[in-house]
Amino acid sequence: MFVARSIAADHRDLIHDVSFDFHGRRMATCSSDQSVKVWDKSENGDWHCTASWKTHSGSVWRVTWAHPEFGQVLASCSFDRTAAVWEEIVGESNDKLRGQSHWVKRTTLVDSRTSVTDVKFAPKHMGLMLATCSADGVVRIYEAPDVMNLSQWSLQHEISCKLSCSCISWNPSSSRAHSPMIAVGSDDNSPNILAKVQIYEYNENTRKYAKAEALMTVTDPVHDIAFAPNLGRSFHILAVATKDVRIFTLKPLRKELTSSGGLTKFEIHIVAQFDNHNSQVWRVSWNITGTVLASSGDDGCVRLWK
Amino acid sequence: MSGSKPDILWAPHHVDRFVVCDSELSLYHIDSAVSSELKAGSLRLSEETTATLLSINSDTPYMKCVAWYPKYDPECLLAVGQANGRVVLTSLGQDHNSKSKDLIGKEFVPKHARQCNTLAWNPLDSNWLAAGLDKHRADFSVLIWDISSKYAPETAVATEKVRLSAGDAEAGLVVTKPLYELGQNDACLSLCWLPRDQKLLLAGMHRNLAIFDLRNTSQKIFVNTKAVQGVTVDPYFHDRVASFYEGQVAIWDLRKFEKPVLTLTEQPKPLTKVAWCPTRTGLLATLTRDSNIIRLYDMQHTPTPIGDETEPTIIERSVQPCENYIASFAWHPTSQNRMVVVTPNRTMSDFTVFERISLAWSPVTSLMWACGRHLYECTEEGKASSLEKDIATKMRLRALSRYGLDTEQVWRNHLLAGNEDPQLKSLWYTLHYILYFIQYTEDMDQKLTGNKGPLVYAGIKSIVKSSLGKNVATLLSTVVVCLQNNALMGLVFSNCSKRLFKNTKTKYFCLCFNVKLAVISRVFIFNLNNLVSLIDFHESGDLNLNVVAMALSGYTDEKNSLWREMCSTLRLQLNNPYLCAMFAFLTSESGSYDGVL
């Protein structure tokens, strides 16, 4: 039985994204009022806003936490064509008493020429790395070589997807059998039958990301995409939010000896397709074990799938 | 409002009143009513709201357009434009002592009768009312009336004027002199005052959009366009204006007025209404003729600076407030994203447009989602049995209860897991007994004479599956551990101890099965050595079991003995499956255990 409680969010405009940190004790929300708010969970389960500041000069689309081993680090991306990385600094004792914390901008990533639609940190075993995608169809992967210095980020890869991108998801699997992989979804609205979900994989030999797969069955605009957390599975599960909820499994086929070091080939199956929302599905999100999927749609409903 | 289709307007200052106008004005009051029963005379608008009719005003027939008085007025003062060009002030209240009593019934008459297409009340100076009329070669089509003007007697010359309103007892109480007259020899289709300056009026004329500055009426800024219907200003960005023509909506930036900054995708059918949402930035709703869908255009961005060529992001959505075709709709002035729609046969419904919801799972298995400006947290509560809970919730609860950490009495761990999963229970008990046996054999170590090979702990399946001609020595070092139901359980081990089993000479395995809750435990004997095995009965209150005990004690190895014959025939009559199986085993040929299985 699920019970919902309202939290006074106090944003002056629409909230576009909600994101939890690794432990689930902190949360960040971002809004069209150009600000990001950070919330902390108290002992009795209440959420208190401990920081609220203006982050961009346009609507902030997404906000995401880095792994706590890198510190308290957030990244946000916005319509103003930039993405920014923020770090919490230990404030003066006055701030602490009032329960407020202070966040500073460590870097601004300005390479995009259009609205940046998503920003996601890579799994922590890849180091301090993040990817952004923009409406101009380019996915950019940045790395901070020195995890102690968050102001130095270098653009490591630029992947051109040819379609305006709306969402990205890193494959969370830390197994050595799986190379780094990122899925990109596109909300391109022009009538064509191009695949709107593309999977890019890192190739050790060429040291570049190359397209491993394109899900040809997804031809409607994609609004959100999410790999399920991998707790020891050999295959990958990907949820796609498009005109309905779709779940795909990607099973890596064994690489032939001749093409060792080449791209993995995948056997793709669609394991679920739910159109209960009867309208565009806006977001999908997996729980921590990857066993329950939550989806939200334009019918104003949030549905949980198992 | 066209033809006989009703139009609907919210009161600007009463959050719970609206007016439906077609041939008459009907004032409704909205109530929230969650219960399914309706008061007499209430109409249900939605699951939460009902509307009651407050009053009807049919004083002014031939209504073509209506505008609400912008200032607060308890009497709901309205201006009505008629088919003959007259603008009449009327009210839906009944209070005869109202402040605006002297305004009610006032008529503003143009020189030449023609249809009044649109009315717009100046939001800042509420005395100014703009009327847009059809074309007349000798007259202006945009007239600005001052509602506080004095009356002027109607001259007898104007016989062409047809008096269309009833209740006009005093002869000639009309106003004929407008404050301003604009737009000569042209038709005016739509009007809108610009909020940034009370003297600026945006008019959709026949072939162009014109901004009139009332301080200097000879000059006007205009742009040639076909999109002249339904001009409306975005309440949040005062430079942004929407207008339409046929099926196409154009969005204008008044700072850069030469051409529209955006044209939305063309609809196959002509549009009837476009309206900006007053409670949210950048949301435009459009309605096409003969349709039950309201299309929403979400322009979530800061207004692009002039000269910036990037395409603004527009999200298109459609909502369907009701089943039938919609005649008109009106946004609620304050309630977030709420609108009321009316169908051609006057059914109304109250509808809220949901914002896009973004959500996130918390690692502690609660769900957080954001809709519009609100944030909700959803947790799994209640006493769902642990089997129904998702594994993530179970893992968390068990980790919190320190599951798996009890290393002394290992079997207690299943209690920490909630004591609801029988398989988990048997697993922990198995582990417990294995550990117990390890401890036991260590104690007994000095007494053992048999082989001291490493002990293998196997379940019953592995024994049965593996070849039965197994090396006895290996078997001896195999401990068969098996659990059933309610966990009173015995261990099987080789080199049995004297305490548990009576026959000490032989090496054998035995398993205990518990049968249901009646605590009859039975020993099922695998006699792989063809030696006499032993039966152990706990707490049997059943006399028959003693009989069985007697029968079993007559066990003999000989294949053709009477015992075997009797048992093999009689066992088929036994009801208890365990007994049955036991006798089958004992009476079957060695090496063939089909009867058992």
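User: Is B:His14 buried or exposed in this model?
Analyst: In this predicted model, B:His14 sits in the loop that joins strand E1 (7–10) to strand E2 (17–21) of chain B. Its C-alpha atom is separated by 8.1 Å from that of B:Tyr72, a residue 58 residues apart from B:His14 along the chain. Buried means a relative accessible area under 20%. With a relative accessible area of 10%, B:His14 is therefore buried.

User: What is the relative accessible area of B:Asn337, and is this residue buried or exposed?
Analyst: B:Asn337 belongs to the loop between strand E27 (328–331) and E28 of chain B. Apart from neighbours within four places in sequence, B:Asn337 has contacts that include B:Cys277, B:Trp331, B:Phe351 and B:Glu355. The limit for a buried residue is under 20%. B:Asn337 is buried, at a relative accessible area of 1%.

User: Where in chain B is B:Arg402 found?
Analyst: B:Arg402 is not a glycine, yet it has a positive phi of about 65°. Its relative accessible area is 55%, so B:Arg402 is exposed. The residue is found in the loop between helix H1 (391–400) and helix H2 (413–416) of chain B.

User: How many disulfides does the structure hold over all chains?
Analyst: A disulfide needs two cysteine sulfur atoms within 2.5 Å. The closest cysteine sulfur to that of B:Cys192 is in B:Cys188, and because the separation is 11 Å, it is too far for a bond. For B:Cys371 the closest cysteine sulfur is in A:Cys301, again at 11 Å and too far for a bond. Over all chains, the number of disulfides is zero.

User: What relative accessibility do B:Cys192 and B:Cys371 have?
Analyst: A residue is buried when its relative accessible area is under 20%. B:Cys192 counts as buried, and B:Cys371 counts as buried as well. The value for B:Cys192 is 13%, and that for B:Cys371 is 13%.

User: What is the radius of gyration of chain A?
Analyst: Chain A has one helix and 24 strands as its secondary structure. For its 306 residues the globule rule gives 19 Å, and the chain's own value is close to this, so chain A is as compact as a globular protein of that length. The radius of gyration of chain A is 19 Å.

User: What percentage of the residues in chain A are buried?
Analyst: The C-alpha trace of chain A spans about 65 × 45 × 40 Å along its principal axes. Among contacts with a separation of 6 or more in chain A, 46% are between residues 24 or more positions apart. Of the 306 residues in chain A, the buried share is 56%.

User: How far apart are the mean positions of the positive and negative charges of chain A?
Analyst: The accessible surface of chain A is about 13,600 Å², with 51% belonging to carbon and sulfur atoms. Chain A has 33 positive and 33 negative charges.

Methods: Residues numbered from 1 in each chain as written. Chains lettered and ligands numbered in written order. Predicted model: local features only at pLDDT ≥ 70, side-chain atom pairs only at ≥ 80, totals over all residues. Heavy atoms only, no water. Buried < 20%, exposed > 50% of the residue type's maximum accessible area, 1.4 Å probe, protein only. Helix = DSSP H or I, 4+ residues; strand = E, 2+ residues; numbered from the N terminus. Rg over C-alpha atoms; globule rule 2.2 N^0.38 Å. Contact = heavy atoms within 4.5 Å. Areas by Shrake-Rupley, 256 points an atom, 1.4 Å probe, with all protein chains shown as cover. Lys, Arg positive; Asp, Glu negative; His and termini not counted. Charge placed at Lys NZ, Arg CZ, Asp CG, Glu CD.
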